[in-house]
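Subject: Structure for you to look at

Hi,

Here is the structure I promised to pass on. Please open it alongside this note. My findings follow below.

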Amino acid sequence: MDMETLLLLRQEVSLLLIALVLLLFEIFANDRNRAGVVSLAIVLFGLHTALGFMDMKEGELFGGMFRTNALIHMFKNILNLGVLIVLLQSAEWVKKELIPQNRGTEFFILMLSSLLGLQFLISSGDFLMFYLGLELSTLPLAALAAFEIYRMRSSEAGIKLILSSALASGITLFGISLLYASSGSIYYAELQGAISENPLTVLAMILFFAGLGFKISLVPFHFWTADVYEGAPIGIASYLSVISKGAAIFILMILFFTVLKPLMHLWENLFYLLSVLTMFLGNLFALRQQNMKRFLAFSSIAQAGFILLGLITGTTLGVATVIYFILIYIFSNLAAFGVVQAISTETGKEQLQDYEGLYRTNPKLSLVMMLGLFSLAGIPPVAGFFGKFFLFTAAASKGYYFLVFLAVVNVTISLYYYLLVVRAMFLRKSEHPIPYFTNTVYMRIGLVITVIGILALGLYSPIYDYIYALSSTLN
Amino acid sequence: MNYSLIILIPLIPLAVFLVLGLLNRKIGPAVSGLIGVSGILLSTVLSFYTAYQYFGVVGKVSGAYPTLVESVVWMNFTDTLRIDMGVLIDPISVMMLIVVSTVSLMVHIYSRGYMKGDEGYTRFFSFLSLFTFSMFGLVLATNLFQIYIFWELVGVSSYLLIGYYYTKESAVAAAKKAFIVTRFADLGFLIGILLIGYYTGTYDFGALNDPGGAILSNWAPASFMGLSVLTWGLILIFIGGAGKSAMFPLHIWLPDAMEGPTPVSALIHAATMVVAGVFLVARLFPMYFFVEDGFALQIVAFVGAFSALFAAVIALTQTDIKRVLAYSTMSQLGYMMLALGVSGYEGSEGLGYMSSMFHLFTHAMFKALLFLCAGSVIHAVHSNELKDMGQLRKYMPVTHISFLIAALAIAGIPPFAGFWSKDEILVAVFEHNTFLYGIGILVAGLTAIYIFRIYFGIFWGKNKAYEHSPHESPSSMTFPLVVLAVLSATVGFIPFSSFISPDRTGFEGHIDIPMAIVAVAVALLGLGVAWILYKKESEMVSRLTDRLGVLYTWAHQKFYVDELYLFVTKNILFKGIAAGAAWFDRNIVDGTMNLIGNSTVVLSRKIKGMQSGRVQDYAMAFVSGTVLLAILFIYLWTS
């Protein structure tokens, strides 16, 4: 492995090193300093995230199996940032629940492995690497979802995730093999231009799409979402809802916009159909949820439906708006999940009614939550509004006015249930509100980052300009 | 022009909001009230200074008032479509600055007295500042995107203010309703922006409104359901405006919004936020006028006229004085829309546009005054209901006189402000369409009836035994009343037409004497009807029903005619038609909106079974979904 290779693999190697260091720490740790793993992991990963922002050269490795460029590199940084927030928000939970059982290190190593898988996934240059990345990212998650094994719901979540994802990756693999059968290659570069429209490739596309649709939780591949989010530890649910979903959307976009471009007239319809279904079902289910995690699960399904509005375009504008939206979505959703995490870790309460009167006892947490929900709902001037507006503009630019209309109707429906939570926190009184508590430093940092993101992303335009400039490199 | 000063006009309230919001618990009410009032005072001074600079110092450039824009490129959305942020100064934005700052200042001062001792005093002032900031941002916006952002911000702050009494269940429900109904209307606005933005390649008002520019000189002919894309865009934008300005059938939130504190009703639901829709149409007026020969403008006119009539009829039946005022606001907003809808573009043909803005201006003053007087009355008798009031003129002289001036102004009695602007509207409508003029003049009569109905009901009427003798409000509350009363009496004399016209050249205004006589006669007639019916506590209706069976009444023929007249007006007109309209409003219009909401919830309940929790079902759905999609795409959509 020469220096050149190492530099292109910088992100992945660094992740591996952190995992190894944590493993070594675990071997030499004793009961007194075992809790140090939390700080160690967060500091190391913070360093990793910061170093990630250094420039990366464009290049290919392993005969084209692995490739990287500025766009991919930027997205890796986005993922890093998201995971950093998740780790910060989970720190207290790890200390409280896992360290006494001596399982803290496992948590970090598994999560970093999953991230490593996603990094390989989005850097993949052929379908083999794609599949390896996909599996590497999913398997640790199943273990993580079942991490609170003493809770039945958690093991149930783990089982449901592993069974569903096994099915999904089987179907994806089948799709890949059909693609290979029809074109004789699994390299993206070679496939590009080699794909023509015939029943075999169409079937391959659908099957392949189903597997990614599972990760993104599009209807009808979404059923696992609510159960797993509800049962899994909150950190894992938030990881699933933003990080793994975001990466799957990104690779979906790359593949459909380049390799599968010849089938665009078909996948346009596919995206259209699933976008409508996903938005409506996600929103209608979200209306009735009483459990905050389930509520956020359906909200995240609906958000995925919105993202398809940008994907349907197949243009540079589509790429830019989708990435911008994902970035905003990461901050907004993690703000909401962060508050749920904080409250659940402190009090174990996760129901909507527990949040009644929260503003009186914990005003700061309520404000963070409100900001996150407003951003998810797309109320200006917080970032979520810009994200949605741009997605809609992208779809409108291709003449999908009716789809935009349906999306805007859905925004209004979603507004209703996001307001339900805001109302519970601000406008209701409760006999037994959640008492005041202080958050740990990590949690505070985790929440503050999300707040800064929500406020700054919409108003500080160079970020969008930068994304837009990079997006044009895809086509 | 000094743009750095203009920028301060919205930024000062924003700063006040941040300071009060962050220091919520740490500062006392006296300090927060002072910060709030001095902030808005500064903005008001700057607004007047800007007006002076614009109209006085800059003046007309080559025959027209210039549109001055100072903006920065905020984001290059695509290679062609750009989004700016900045300030736009033209006659109507300057006028709106004056309106917003003046009314807001008065409401701030008034609130110091009205909200005294309230638990969330500081919170209230911070919300007020947030609202004022958003409203300033809205009127100064240079492009569609910017106006939309502030449009929504205005909505959010209105939500917060209506729901201010959050311990009251009805207030919370009203806040939610207002937010959701206006958001529903904003669907239209948003899609309209997307359409226009993508079709024309710009959001900029300057480019969109240029009559000689590329956009207005070659709008594409019919392309979707017989109308051009731009017309659709404008109709959709008007839907957004109709939501904020409470046009039928999107008005249902406004009466409920009266749950908010009364100063809020005066500021938001009378003078400023609700006129945002009118302002929006005025802002895009050249587009409305030139695209497809003003097709969208016709819709504006008819919706406006209908809303004006509909609301005026309902206002007759309400017993809650704030609700009467709410429907009255809706009715007057209808007037403004109507006037815009019938306006021409060049020179004195722009009378409709001018009169609409004029009425917006005068209405802001006298309607804010009416609400603040109502607040003063409510403060004194602790009730919104007409039946709990009567003879209050003896206890509250200042409020009484102020209310009277405002009532004369809204009824259109000269020389009070409303007369001048309403008269111009009626002239403009008459020149355009006599049917709409008929509606306009009818509404003018109804306006006089309903406003004097509550005037007599509150300040005259029955002798009432009050538990605690009502007394005049403190000077912090009466001072704004006096100021606004003076304004309501005098602002009609401003020669508006020389400042404001669609092509910004201004024109010589004049009073059309015969038209004015008709209008005043109708107003006086309405006043007279109210006088007869409501000045004294009237038992005529009950007497009528008592005597109907008695034969000797037939002999008193004269008396009979009198009673018949009463019967017709009171029982048929008021109880029959007006109550019917009110019922229609409450049950059909409101009901439909609720139905949409409820059916969403029901649907949501119905599909619950899909999420069974069993992983084999999920797998089944997954596989069958995939297979279905595959079949669909391979057999149906593959060529």
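Which residue just after H17(B) takes a positive phi? It is B:Gly412, with a phi of about 85°. Bear in mind throughout that this is a predicted model.

**Helix H17 of chain B**

H17(B) covers residues 397–411 of chain B. Its 15 residues reach 21 Å from first C-alpha to last, close to the 21 Å expected. Eleven of the 15 are buried, so H17(B) is largely enclosed by the rest of the structure. Among the buried residues are B:Thr399, B:His400, B:Ser402 and B:Phe403. B:Ala409, B:Ile410 and B:Ala411 are also buried.

**Helix H14 of chain B**

H14(B) runs over residues 295–315. Its 21 residues reach 31 Å, close to the 30 Å expected at 1.5 Å a residue. Here 16 of the 21 residues are buried, so this helix too is largely enclosed by the rest of the structure.

**Chain B overall**

Chain B has 639 residues, and 54% of them are buried. Its secondary structure comes to 25 helices and two strands. Take the contacts in chain B between residues at least 6 apart in sequence: 80% of these join residues at least 24 apart.

**A helix pair in chain B**

H3(B) (residues 91–114) packs with H20(B) (residues 475–490). The angle is about 155°, and the axes are 7 Å apart. The two helices are therefore roughly antiparallel. Their crossing is left-handed. On the H3(B) side, the contact includes B:Met106, B:Ile109 and B:Tyr110. B:Arg112 of H3(B) takes part as well. H20(B) contributes residues including B:Phe479, B:Pro480, B:Val483 and B:Leu484. By class, the contact residues are nine nonpolar, two polar and one charged.

**A helix pair in chain A**

Now chain A. H5(A) (residues 104–123) and H11(A) (residues 234–257) cross at roughly 15°, and their axes come within 9 Å. These two are therefore roughly parallel. The crossing is left-handed. A:Met111, A:Leu118, A:Leu121 and A:Ile122 are the H5(A) residues in the contact. They meet H11(A) residues including A:Tyr239, A:Ile243, A:Phe250 and A:Ile251. Nine of the contact residues are nonpolar, one is polar and none is charged.

A:Gly125 is in the loop between H5 and H6 (127–145) of chain A. Is A:Gly125 buried or exposed? A:Gly125 counts as buried, because it has 20 C-beta neighbours inside 10 Å. A:Tyr188 lies 63 residues from A:Gly125 in sequence, yet the C-alpha to C-alpha distance is 5.8 Å. Leaving aside neighbours within four places in sequence, A:Gly125 is in contact with A:Tyr187 and A:Tyr188, and also with residues including A:Glu60, A:Phe66 and A:Arg67.

**Where the chains meet**

The contact takes 45 residues from chain B and 50 from chain A. Which elements of chain B each supply at least two residues to the side that touches chain A? They are strand E1 (68–76) and helices H5 (144–162), H6 (169–200), H24 (557–606) and H25 (615–636). H6(B) gives the most, with twelve residues. By class, this side of chain B has 28 nonpolar, twelve polar and five charged residues.

Best wishes

How values were computed. Residues numbered from 1 in each chain as written. Chains lettered and ligands numbered in written order. Predicted model: local features only at pLDDT ≥ 70, side-chain atom pairs only at ≥ 80, totals over all residues. Axes fitted to C-alpha atoms, helices over the stretch in contact; angles between N-to-C directions. Helix = DSSP H or I, 4+ residues; strand = E, 2+ residues; numbered from the N terminus. Parallel < 35°, antiparallel > 145°, perpendicular 65-115°, else oblique. Left-handed = near helix turned anticlockwise from the far one by under 90°. Contact = placed C-beta atoms within 7 Å. Nonpolar A, V, L, I, M, F, W, Y, C, P; charged D, E, K, R; others polar. Buried ≥ 20, exposed ≤ 12 C-beta atoms within 10 Å, placed from the backbone. Expected span 1.5 Å × (residues − 1).
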